[in-house]
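Colleague: I've got the model open on my screen and some questions about it. Shall we go through them one by one?

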Amino acid sequence: MNGCLGRCLLMSRALSVAALALWLISIGRADAADADPKRWEAAIASFEQQDKQSPPPQGEVLFVGSSSIRMWKLNESFPQEKYINRGFGGSHIADSTFYADGIVTPHKPRVVVLYAGDNDLASGKTPEQVATDYQAFVAKVHAKLPQTRIVFISIKPSIARWKLIDKVREANRLIAEFSKQDSRLVLVDVEKPMLGDDGLPRPELFLPDGLHMTAAGYAIWTSLIAPHLTANEKANP
C-alpha cells in the first residue's frame, strides 16, 4: 500500500498542473463526444412497439434524427402525406446509424430525411467527425436500401449555439461536398433563410431556449425540403 502511495506521489509530482488539467479535459470531451448509443434503448423500443401494433407504410418518407425531428409535427407540415417520424431526444448522427436497422431500413423508405449534428458539435466533436459520421449513416442505409435517397438538413444556425457557427458551417460544407458525389444524396441548406438582415438567427424562429424551433422555423424547413420528397424524383447510384 505504502509503495503504491509513494509511486502515485512521484507520478503526481512529475506531472505539471497544466498537463494534468489538459488530460482531464480531453477525457471529458471524449466521453461527451462518444456517448453510448444504448442510452436511447427505451426510445427505440417504443418505436419498435409502435411498429408492431400499427405498422407504418413502406416505401414512403422517413424522418430521423435529433429533437428537431422529434418535435416536428409532420402531419401539419405535410397534411397530404403519411410520413414516418423517428426522431429521438438529443441524439447524434452516430445514434441514428446505430439504430438504423431497427427504425429506418425495415420501413424501406424511398427517402430518408436526417437532421442531426447539432448535438454532436455541442458535445465536442469536430466538423470532420460529424462529416465522417454522416458518411457512415449513408453507408449503413445504402447497404440494405441502395435506391433510397437521403436528404440531410444542414445543421441550423441557432441562438443558443451561435458560438459554434464556424464549426456548423464547416460541417455543412464537408457534408455538401460528400453529397455532390452521389445523386442519391442531397443537402438542404437552411442557414440563409434562418438569418436576419443582421446576419444573426431570427428570434421568431426559435422557442425561448434559443435552440428548438417555432412553427415559423418549421415552415421554412418544410418549404425547402418538400421539393426533394416527391415520388418521381429519381436516384441513380
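Colleague: Let's start with R39: is R39 buried, partly exposed or exposed?

Modeller: Keep in mind that this is a predicted model. The relative accessible area of R39 is 35%. Buried needs a value under 20% and exposed one over 50%, so R39 with its 35% is partly exposed.

Colleague: And which residue's side chain does the side chain of R39 join in a polar contact?

Modeller: R39 sits in the loop between α2 (17-33) and α3 (41-53). Leaving out residues up to four places away in sequence, R39 touches G90, S91, H92 and D95. The C-alpha atoms of R39 and S91 are 9.5 Å apart, though 52 residues separate the two along the chain. The side-chain polar contact, at 2.8 Å, is with D95.

Colleague: What about A43, how far is its C-alpha from that of G89?

Modeller: A43 belongs to helix α3. With 27% relative accessibility, A43 counts as partly exposed. A43 and G89 are 46 residues apart in sequence, and their C-alpha atoms are separated by 8.4 Å.

Colleague: Now R86: is R86 buried or exposed?

Modeller: You'll find R86 in strand β2 (residues 84-87). Its relative accessibility is 6%. The cut-off for buried is under 20%, so R86 at 6% counts as buried.

Colleague: An arginine in there has me curious. Which side chain makes a polar contact with the side chain of R86?

Modeller: Not counting residues up to four places away in sequence, R86 touches F47, Q50, D51, P56, L62, F63, V64, G65, I103 and H107. One of these, D51, makes the polar contact side chain to side chain. The distance is 2.5 Å, and the partner is D51.

Colleague: How many residues does the largest nonpolar core have?

Modeller: Start with the chain: of its 237 residues, 45% count as buried. In soluble globular proteins, nonpolar side chains tend to be buried together. Here F63, V64, W72, Y134, F137, W221 and L229 have the most contacts inside the largest nonpolar core, and the residue count of that core is 58.

Colleague: Take Y134 from that set. Which residues is Y134 in contact with, leaving aside neighbours within four places in sequence?

Modeller: Y134 is among the residues with the most contacts inside the largest nonpolar core. Its contacts beyond those close neighbours in sequence are I93, L114, I150, F152, I175, F178, S179 and L185.

Colleague: Which element gives the largest share of the lining of the largest pocket?

Modeller: That pocket holds about 170 Å³ of space. Its lining is M71, W72, K73, E76, S77, L207, M213, T214, A215, Y218 and A219, and the elements giving two or more residues to it are α5 and α11. By class, the lining has seven nonpolar, two polar and two charged residues. The largest share, three residues, comes from α11.

Colleague: Onto the cavities. What is the volume of the largest one?

Modeller: Searching the whole structure turns up two cavities of 30 Å³ or more. The largest cavity is lined by S66, S67, S68, D118, N119, K156, R161, L211 and H212, with α4 (67-70) and α8 (118-122) as the elements that give two or more residues. That lining divides into one nonpolar, five polar and three charged residues. The volume is about 40 Å³.

Colleague: And how many nonpolar residues does the lining of the second largest cavity have?

Modeller: The second largest cavity has a volume of about 40 Å³. D118, K156, P157, S158, R161, W162, I165 and V168 line it. Besides one polar and three charged residues, the number of nonpolar ones in this lining is four.

Colleague: Last one: which residue other than glycine has a positive phi near 45 degrees?

Modeller: Most residues other than glycine have a negative phi. Look in the loop between α7 (100-103) and β3, where K108 lies. The residue with phi near 45 degrees is K108.

Technical notes: Residues numbered from 1 in each chain as written. Predicted model: local features only at pLDDT ≥ 70, side-chain atom pairs only at ≥ 80, totals over all residues. Heavy atoms only, no water. 1 Å grid on protein atoms, 1.4 Å probe; cavity = no way out; pocket = protein on both sides within 12 Å on 5 of 7 lines; lining within 4 Å. Points joined across faces, edges and corners; volume = space filled by probe spheres on them. Helix = DSSP H or I, 4+ residues; strand = E, 2+ residues; numbered from the N terminus. Nonpolar A, V, L, I, M, F, W, Y, C, P; charged D, E, K, R; others polar. Buried < 20%, exposed > 50% of the residue type's maximum accessible area, 1.4 Å probe, protein only. Contact = heavy atoms within 4.5 Å. Polar contact = N/O pair within 3.5 Å; in protein donor to acceptor, adjacent residues only side chain to side chain. Core = buried A, V, L, I, M, F, W, Y, C linked by side-chain atoms within 4.5 Å.
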